[in-house]
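Please report on the predicted model shown below.

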Protein chains: 2
Amino acid sequence: MQIIDGKLVADKLKQEIAASVKQLVDAGKKQPHLAAILVGNDGGSLTYVGHKVKACEQVGFKSTLLHFDETVSEEFLLNEVQKLNADKDVDGFIVQLPLPKHIDADKILLAVNPEKDVDGFHPVNVGKLTLGLPTYVSATPLGITKLLEHYCIDTSGKEVVVIGRSNIVGRPASILLSNQSKTGNATVTLCHSRTHNLKEKTLRADIIIAALGKPEFLTGDMVKEGAVVIDVGTTRVPDATKKSGFSLKGDVKFDEVAAKCSAITPVPGGVGPMTVVSLLLNTLQAAKA
Amino acid sequence: MQIIDGKLVADKLKQEIAASVKQLVDAGKKQPHLAAILVGNDGGSLTYVGHKVKACEQVGFKSTLLHFDETVSEEFLLNEVQKLNADKDVDGFIVQLPLPKHIDADKILLAVNPEKDVDGFHPVNVGKLTLGLPTYVSATPLGITKLLEHYCIDTSGKEVVVIGRSNIVGRPASILLSNQSKTGNATVTLCHSRTHNLKEKTLRADIIIAALGKPEFLTGDMVKEGAVVIDVGTTRVPDATKKSGFSLKGDVKFDEVAAKCSAITPVPGGVGPMTVVSLLLNTLQAAKA
């Protein structure tokens, strides 16, 4: 059984990105520049944005963090988005989700210039992904395909079951893996809260992408011998033994499932680091465009 | 076994559209106006555009057909698209596919103002569909959901197999049927040319959408007893007994499959009329917007 080491692959990709940045700068171009808007003080969001800023430093990107109080208005935020759209030094930017409830997240995401939308959340970029056109692929699905590619896990003709139809993971992953491409061509079944007899579906799968956000949901009895399992879940579960007071749990009951798999991602250290590095890849693409 | 009568449902919807048009005109608004660009003299395209123009007349829409020689340049066509984008009297327009090979179809479709893109082919509209946002849903998938709705065929939790991943039918149908909506919530598997052991997949399906464009491909042995089968295929097959010299064949071997189904669409008279009426529905939506 192979542990799919997201940290290892992410570090390798970061080295490649750093080399590209050096080439750009040596050629007299400016540093790639990623900006992030963060509203409020959600613990998970603070951590994720922190990882993104740190990763920018590691590869030689410039980064800007715009951190606003959770009471800011939608109008204020739209204006900040417009400023980033207009800022020629900023190659790409993200709006960290979730946003406070009084702000319409769809409205904010629609305001982002698609050419700077390195999260790949804007409808025009989602549409291009769906149509198989070049675009910014949202970071987690892109990270998953990079992991599979690194470990030479062929997807063509394989039966893939994606659990969870979120707009940022499950849905785009289902599209990416079934598109006509070297990291696609799988036969994908998208499962969700209304799916009947989920176990029947997961037992068929050569590759399972668990992205529903329920800790330890996928158990050993739901997985075929030799399957590949990608765990996208990262739920904070109270844990008195940890200094932080919580531990991160994936959507997969690791020990049970690992015993049956041919390959599996751990949590943490699997998909998480790949999501951050995929954002860097998109930003590099934006800087080169 | 129920024959799903697309002509019947389309006629009913046309009556409803005609009533809406009358209401608009009675209220002093202008007639909805659909324009179509047709390049060249492909027999199928001439027929389809002819049906669309006729359907406009039936419901009281104004229609404009711009029919150009197949030698027109891409630049000329882009200019025509811009003219329609700017024409305030035109609510929506379509560019009939396929286009001649010297014209980049993606470039033309990207030039269409998404607010007038009643075919739902522009990436921003495809993206909105993918994200579950209100948009123009491309006509054939919309027509399929309208058929299922009319015949009270519930999709929630059902196992749906879509055969064919084209951008205008298979892919958007797979998304529409799995989205969170009253005509969605199915567990959808998207099958395509790289799928291994397709029969194994189709035999699981409660609902099969055949949209691969191979005449009589789906045979009786590939279908579960009691399944619902939607046939999107319309291939012209030479037929000396017909005045036209051809007959239309669906993707389904009708007699064999019908014997096992609980419901099935014929070809012609199934999905075809629904595609045209869905375009009218989108145009009405554009006119009201």
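## A loop serine

A:S181 is partly exposed, as 13 other C-beta atoms lie within 10 Å. The burial scale counts C-beta atoms, placed from the backbone, within 10 Å of a residue's own: 20 or more others make the residue buried, 12 or fewer make it exposed, and anything in between is partly exposed. A:S181 sits in the loop between α7 and β6 of chain A. Helices (H or I, at least four residues) and strands (E, at least two) are DSSP runs, numbered from the N terminus. The C-alpha atoms of A:S181 and A:S156 are 8.7 Å apart, while 25 residues separate the two along the chain.

## Model and confidence

This is a predicted model, in which local features need pLDDT of at least 70 and side-chain atom pairs count only at pLDDT 80 or more, while totals for chains, interfaces and linings use all residues. Residues are numbered from 1 along each chain as its sequence is written, and chains are lettered from A and ligands numbered from 1 in the order in which they are written.

The scores are ipTM 0.95 and pTM 0.96. Chain A has an average pLDDT of 96, and 100% of its residues score at least 70. pLDDT is the predictor's confidence in each residue, from 0 to 100.

## Domains and core

Chain A splits into domain 1 (29–113) and domain 2 (139–272). These bounds come from an automatic or database domain assignment. Taken over C-alpha atoms, the centres of the two domains of chain A are 27 Å apart.

The largest nonpolar core holds 170 residues. Such a core is a set of buried Ala, Val, Leu, Ile, Met, Phe, Trp, Tyr and Cys residues joined through C-beta atoms within 7 Å. A:I209, A:A210, B:I209 and B:A210 have the most contacts inside this core.

## A sheet across both chains

Which strands make up the open sheet of 12? The order is β1(A)-β11(A)-β8(A)-β7(A)-β5(A)-β6(A)-β6(B)-β5(B)-β7(B)-β8(B)-β11(B)-β1(B), with mixed pairing. Two strands pair if DSSP finds at least two bridges between them.

β6(A) and strand β6 (residues 187–191) of chain B pair in the antiparallel sense, over three bridges. There, A:T189 stands opposite B:T189. Within chain A, strand β7 (residues 207–210) and strand β8 (residues 228–231) pair in the parallel sense over four bridges. A:A210 faces A:D231 in β8(A).

## Strands β2 and β4 of chain A

Strand β2 (residues 33–39) of chain A pairs with β4(A) in the parallel sense over four bridges. A:L34 has A:G92 as its bridge partner in β4(A). In a regular strand the side chains alternate between the two faces of the sheet. In strand β4 (residues 92–95) of chain A, A:G92 and A:I94 point one way, and A:F93 and A:V95 point the other way. These four residues are buried.

## Contact between chains

Contact joins 26 residues of chain A to 26 residues of chain B. Two residues are in contact if their C-beta atoms, placed from the backbone, lie within 7 Å. On the side of chain A that touches chain B, α5 (123–131), α7 (170–178) and β6 (187–191) each supply at least two residues. The largest share, eight residues, comes from α5(A).

By class, this side of chain A has eight nonpolar, 12 polar and six charged residues. Here Ala, Val, Leu, Ile, Met, Phe, Trp, Tyr, Cys and Pro count as nonpolar, Asp, Glu, Lys and Arg as charged, and the others, Gly among them, as polar.

## Backbone geometry

Where are the cis peptide bonds of chain B? One runs from B:L97 to B:P98, with omega near 0°. B:P98 is in the loop between β4 (92–95) and α4 (105–111) of chain B. Another cis bond runs from B:V267 to B:P268, with omega near -5°. B:P268 lies in the loop between β11 (263–264) and α10 (271–288) of chain B.

A:C152 is not a glycine, yet its phi is positive, near 55°. A:C152 belongs to the loop between α6 (139–150) and β5 (159–163) of chain A. Why does A:C152 count as exposed? Because A:C152 has 6 C-beta neighbours inside 10 Å. A:E216, also not a glycine, has a positive phi of about 55°. A:E216 is in the loop between β7 and β8 of chain A. With 19 other C-beta atoms within 10 Å, A:E216 is partly exposed.
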